[in-house]
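Here are a few friendly notes to read alongside the model. Each point picks out one part of the fold to look at on your screen.

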Amino acid sequence: LLLLTAALGMTAAARCPVPCVCDNLRAHVLCLNGSLIAIPDTIPELTKKLDLRGNSFMVIPAGAFLATPYLTHLDLQHCKVERLEEGAFRGLGRLVYLNLASNGIALLYQESLDGLSSLQQLILEGNRIEEIQPGAFGHLGSLTVLDLRANALVYLPDMVFQGLQVLRWLRLSHNALHVLGSEAFAALPALRRLSLDHNELQALPGEALARLDGATRLDLGHNPITYVAEEALAMASLRHLFLDHASLQDVAPDAFARSPQLRVLDLRENQLQGLPPLAGAGGLARVSLDGNPLLCSCLLRPFHKWLARARVQAEGACAAPPALRGRSLDSLKPPEMRCGRLRLPPSPTTPPEQPRAAGSRQCPRGCVCSPDFLHASCENRDLQEIPRDFPGDTRLLDLRRNPFSTVSPDAFPGLKELVSLHLQSCSIRALHPGALRGLESLVYLYLTDNHLSTLVAAAFEGAPHLAYLDLDHNAFTSVPAGAFRLLPNLISLHLQHNAIGELAEGDLAGAGGLRWLYLAGNAIRHIAPAALAPTKMLEKLQLEGNLLSEVPTAALRGLPALSELKLSQNPIKHMGHSVFLPVASSLQHLYLDNMGLERISPHAFTGLGPKIRSLYLESNKMSNIPNMSNFTGLEILNLQDVPFHCDCQLLPLHRWINKLNLRVGATCGSPAEARGLKVKLSSTFLTCPGWGRSHAGETNPNKNKATSKPSKKKRSGKSPARGFSKSRA
């Protein structure tokens, strides 16, 4: 047995891909922060854990892991993945953990995750998923945790999580959800925890939540919910409800009467001046009201009396009247709560529910209409005109690959409930005024791969809730100025791979709610200083693959929320002082790779620091970089294919890299005797002044070279004696 094990180990070692590290005893393979553009085909067959973080795969093709059928753990974080082809993970029937966080995945198709029958944890945090097609998770019958945090979701259709029979925790925080289908959570019988915090829900989605009989914890904090209506929440097993940091002004007395197991109610940091006695909440043990402007007048006495009678612990303090300001609720006595002229504002009234019309089940000839998913499809039917007479309750309409040429006014009559419209690859040259009229629920509009070169605002008349507009791969030579002024809810705008030459002032007028702007693959040479001024909520700006010759610093002013900036593949040769200072307080992810960058000013990164989580500088031409010793929050740092000059001027960088618990890929390009050696390990620095003093207490630099997980210990942040970017001259 020992001989066989050794033989297998030798075979595996022989097949270990060149940029990877193979631990044959534990069957682990690490290929971290490299320049891999395809999944290696020489990974040992018996590998159980495969870590590919920090590479550049872009697409995971069908059958990519057929050669490693014994995998149980697969990590693909920060790999620039944009698409999962159908069948990408086929053959991985033993996989229990899959991490796809921090990539660029935008859409999950029905077969994207096929073959993962044993998967228990799926991490999709930090992608740009805008839409999930029902059935996408249908093959994941063993999944217990699904993490979809920090994506671009606005809408969840009915039955979207069908097939997840044993899912226990669904994480949907930090999206932009404001529309939930009434049956969105209908297929989750084992769910115990649902995280919906940090979204755009304006009302408690009671109908959708009522399907979760077994859920015990619900996070709804940081949503703009103003009122909790009568019997709004019917969750039989709910014990912990978080509605903190919302916009609550009032709560109905029997709001939680149909959630009899509720024990903890968190209402911190709202706008509540008081609460009524909460009828039917007999199991409640604690109510948190800290941070509310509580008015401790006689109007609060019934609630105060109910707290004592029901033995409920209340956390909170009076904001008024002045005599009681700062007093905790549990210290008050009824006679102290007097009434003068103070009155609570009237409770907001809930709008009456509109009766939902049952859509008829007609379907145009040649099309398929699904009554279960409320989808209709006429994909690739060689249709010359857009069909009519779809069922009135259709939510998703797929008309891809038909030669329509134009979209006429009132092209979609009777589809008031339509949420997602797919018009990709339809040879469309014109979207006429009024084309979308009547689509009052439309959230997603896909117009990719058409021939559009201009747009007018009137084309979007009647679709005020449109949040995602995809115009990639069209014929725009400029951003259609003013076209978005009728779209107050526009969150994501795709204009990638057009022929746009500049971004001018006024182009984005009216796009005040825009959060994600994708302009990659154009021919942009100039961005006017005020071009981005209307988009004060912008979080992601992707400008890779354009013709910018300098960082558009002036245009970045007034973007206090910008967290991701991509400037890859622009011909920027020199980076001057303080070029990122306008966004230094918010920036977390910075892409400066493949630019031919020759020189970076010692003060280029002024203002940046602990908030930076990932920095991509690979494939450039500079021989040194600025001092980054205060970048203590780094999780990804890529310095591959940079020709560093390994002399004593680079000693500060060498010291800093040795302190990082990251694989950065930095190698020497010169002098000749050091070419190809790792900066981290090069012996060139042994003769530098101060070498012995600086390394007296250092441990072996090889100790952690096979891991890319950042150290949890707090780094000192002390700057070395010299900046990393001091020139050789």
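1. Let us begin with one lysine. Lys80 counts as buried because its relative accessible area is 18%, and the cut-off for buried is under 20%. You will find Lys80 in the loop between β5 (73–75) and β6 (83–84). Please keep in mind throughout that this is a predicted model.

2. What does Lys80 touch, once residues up to four places away in sequence are set aside? Its partners are Asn55, Ser56, Met58, Asn103, Tyr591, Asp593, Tyr616 and Glu618. Now for the chain as a whole. Its secondary structure comes to five helices and 45 strands. Of the 729 residues, 53% count as buried. Among contacts between residues at least 6 apart in sequence, 55% join residues at least 24 apart. The accessible surface amounts to about 30,500 Å², and carbon and sulfur atoms account for 52% of that area.

3. The largest nonpolar core has 107 residues, and Phe412, Leu421, Met575 and Phe580 have the most contacts inside it. Helix α4 (residues 651–659) supplies the largest share of this core, with four residues. Apart from this core lies another one of 103 residues, with Leu170, Ala255, Leu284 and Val312 among them.

4. Leaving out residues up to four places away in sequence, Phe412 touches Ile386, Leu397, Leu399, Val407, Leu421, Leu423, Ala435, Leu436 and Leu439. As for α4, how many of its nine residues are buried? Eight of them are, and the helix is mostly covered. The buried residues are Leu651, Pro652, Leu653, His654, Arg655, Trp656, Ile657 and Asn658.

5. His432 counts as partly exposed because its relative accessibility is 30%, a value between the cut-offs of 20% and 50%. The residue sits in the loop between β30 (430–431) and β31 (444–446). Beyond its neighbours within four places in sequence, His432 is in contact with Thr406, Val407, Ser408, Pro409 and Ala459.

6. Next, the empty space. Rolling a probe the size of a water molecule over the atoms shows where such space is left. A search of the whole structure finds one cavity of 30 Å³ or more. The largest cavity has a volume of about 60 Å³. Which residues line the largest cavity? They are Glu131, Ile132, Gln133, Pro134, Tyr155, Pro157, His375, Arg395, Leu396 and Tyr444. By class, this lining has six nonpolar, two polar and two charged residues.

7. The second largest pocket is worth a visit too, with its volume of about 1,400 Å³. Of the 49 residues that line this pocket, Glu82, Arg83, Gly104, Arg128 and Gln496 are the closest to its centre. The lining of the second largest pocket has nine nonpolar, 22 polar and 18 charged residues.

8. Some backbone details call for a check by eye. Most residues other than glycine have a negative phi, and most peptide bonds are trans. The bond from Ala320 to Pro321 is cis, with omega near -5 degrees. Pro321 belongs to the loop between β24 (318–320) and β25 (368–370). A cis peptide bond also runs from Ser670 to Pro671, again with omega near -5 degrees. Pro671 lies in the loop between β45 (667–670) and α5 (691–694).

9. His198 has a phi of about 55 degrees although it is not a glycine, and its place is the loop between β15 (193–195) and α2 (206–209). For Asn380, which is not a glycine either, phi is near 55 degrees. Asn380 is found in the loop between β26 (375–377) and β27 (396–398). Are these two residues exposed or partly exposed? His198 counts as partly exposed because its relative accessibility is 28%, whereas Asn380 is exposed, with a relative accessible area of 53%.

Notes: Residues are numbered from 1 along each chain as its sequence is written. This is a predicted model: local features need pLDDT of at least 70, side-chain atom pairs count only at pLDDT 80 or more; totals for chains, interfaces and linings use all residues. Side-chain values use heavy atoms; hydrogens and water are left out. Helices (H or I, at least four residues) and strands (E, at least two) are DSSP runs, numbered from the N terminus. Buried means under 20% relative accessible area, exposed over 50%, partly exposed in between (1.4 Å probe, protein chains only). Contact means heavy atoms within 4.5 Å. On a 1 Å grid over the protein atoms alone, a cavity is a set of points where a 1.4 Å probe fits but cannot get out, and a pocket is an open set with protein on both sides within 12 Å along at least five of seven lines; lining residues have an atom within 4 Å of a point. Grid points are joined across faces, edges and corners, and a volume is the space filled by probe spheres set on the points. Ala, Val, Leu, Ile, Met, Phe, Trp, Tyr, Cys and Pro count as nonpolar, Asp, Glu, Lys and Arg as charged, and the others, Gly among them, as polar. Accessible areas come from the Shrake-Rupley method with a 1.4 Å probe; for residues, only the protein chains shown count as cover. A nonpolar core is a set of buried Ala, Val, Leu, Ile, Met, Phe, Trp, Tyr and Cys residues joined through side-chain atoms within 4.5 Å.
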